Amino acid sequence: MNSIFFRIYGGMLIVLVTVSLLGLLIIQVVNGARAEDYRERIASGTFRLMADNLEPMDHAERLRALAAWSRLIGVPLELDQLDRLDLESNQWARLIQGKVLVRPVAPPRVRVYAMVDLAESVVLTADIQRISEQLGRATLYLITDELVRYPEAAMPERLQQLRRQKGFGYPLHLTPIDNGDLDLDQRRRLEESDTVMALGPEGDSVLLYVKIPNTNWVLGLGPLYRMDPYPPQLLLLTGLLVLTLSGLFIYLLVRQLEQRLRTLESAASHITRGNLDARVSTAGQDSVGRLSRAFNDMASHLQRLMRLQREMIGAVSHELRTPVARLRFGLEMVETAGTDEDRKRYLDGMDGDLSELDMLVDEILTYARLEQGAPALTLVPIDVPALVEQVIAELSPLSGVIRLEHNDQTQGRGTQVDAEPRYLQRAVANLVSNAIRHATGQILVTTRVEHGRCRVSVEDDGPGIPEAYRERIFTPFLRLDDSRTRASGGYGLGLSIVRRVLFWHQGRARAEQSRVLGGAAFILDWPARRS
């Protein structure tokens, strides 16, 4: 798949299907747990009440009670031994703690267990299908049989005690028979000792009523709600809706992303075909926006390198013509020289031309290494004032009458400055050599460390640099038309090398007018410490 949309949408589809299947499994587990909890809440009070009533009876009385309750409930009730039941250890523990246990057998049948006598390990069991309707009337009968043993005034309090003690999972209440919730037909049936079933106010529940004999109380049970399991179809429908809406939104989002990437692809194709002016929009702060800015930076750098390559080829060819022409002329003159003296003079000139060629090639190679990409700079703590003193000591014999001075204002902070010694020494030497060619009598080199940055300035008392040229002089092979011409020496690469050295030190080289000596001032500035 070549489209980003289809890749993202396909991935989301796989994830959504996986989550849907997992959700179906979770729904089944949750529905099972809810159904078990619902059945236990409905059956708990009734079976706990029956089991507690059976506990003080002997075996014969228990059998008679079970027979009566079986007819009332409509399902057979049995007594069994705890060790004969196929129960797990946690289910045993629940029975021993006095709780009612409900286990599904075969839908919709469930088996109910309630401990009768722990000492004898007797357990009450029953198989029930429709747990709420079958137990409702039996529960009313059992509670009524319990309440008639108390005075009429004490019945409400006793009912609430039963509810708390036996763990009924639904409301139980006593109301006078003349309560407005019952119509005349329901009151008549209650007076005839019949059980009345009514729907709840919302129609989603059932209430059961029975009149306590020889009292004005009506025992109410409920409302009893059906347990509605979470439908798996709802999950599937929701998943389909989410998938559709997600696909729509993803398409709208990815479509714009894809268009921006296609613009990048088109610009890259233009650059491949030689159109180095191709650029892309850098709008946005997202990953594509950052990629676009990086692409434009790369294209600009590539364009600059290609321009530099063309300029260097032209400049190098121009610079090579003069020494090569002089060498050719020297060879011709050596052949026609009449004396050894003339021959030696021509050979010395040729040797000078070869030295000039060697220096030119060295300058070109150095600049090419610094311009093409980050050289292998090993930044170490160095003593900058000591490095400047070394450069001055090496170049002093070449300065003639020009006085070289070093003004160290680092106050000891310049002994641990991060730099690459070889390249930094080359940069300082280039500036001092340049100043020697143009100064008239004095050169001042000043070192400072302020605000976390190291600064080296080289000033001379020469003619200075016009303001319009102070930035252009760092261009490779550029010479000015005033005193800084070919007559003063150089190839126009020294200052370019200085700027590139400072660039790779994350610093900057610039030219100003000297405030002290009045001529040119070249300033190197870079971070004293690098993290």
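Q: At the start of helix 11, which side-chain oxygen reaches to the backbone nitrogen of Arg422?
A: A polar contact is a pair of N or O atoms within 3.5 Å, where within protein one must be able to donate a hydrogen and the other to accept it, and residues adjacent in sequence count only if both atoms are side-chain atoms. At the start of helix 11, the oxygen belongs to the side chain of Glu420 and comes to within 2.9 Å of the backbone nitrogen of Arg422. This is a predicted model, in which local features need pLDDT of at least 70 and side-chain atom pairs count only at pLDDT 80 or more, while totals for chains, interfaces and linings use all residues. Residues are numbered from 1 along each chain as its sequence is written, and side-chain values use heavy atoms, with hydrogens and water left out.

Q: How many residues does helix 11 have, and what span does it reach?
A: Helices (H or I, at least four residues) and strands (E, at least two) are DSSP runs, numbered from the N terminus, and the expected span of a helix is 1.5 Å times one less than its number of residues. Helix 11 has 18 residues and reaches 26 Å from its first C-alpha to its last, close to the 26 Å expected.

Q: Which residues of helix 11 are buried?
A: Buried means under 20% relative accessible area, exposed over 50%, and partly exposed in between (1.4 Å probe, protein chains only). In helix 11 the buried residues include Tyr423, Leu424, Ala427, Val428, Leu431, Ile436 and His438. Across the protein chain, buried residues make up 41% of the 531 residues.

Q: In what order do the strands of the open sheet stand?
A: Two strands pair if DSSP finds at least two bridges between them. Here 5 strands form an open sheet with mixed pairing, in the order 10-12-13-15-14. Strand 10 (403–408) and strand 14 (508–513) are the edges, each with a single partner strand, so one side of each has no neighbour in the sheet. Strand 10 pairs in the parallel sense with strand 12 (residues 442–450) over 6 bridges, and Asp408 stands opposite Thr447 in strand 12.

Q: Which strands does helix 11 touch?
A: Contact means heavy atoms within 4.5 Å, and axes are lines fitted to C-alpha atoms, for helices over the stretch in contact, with angles from 0 to 180 degrees between N-to-C directions. Helix 11 (residues 421–438) packs on the sheet and touches strand 10, strand 12, strand 13 and strand 15, its direction making about 170° with that of strand 15.
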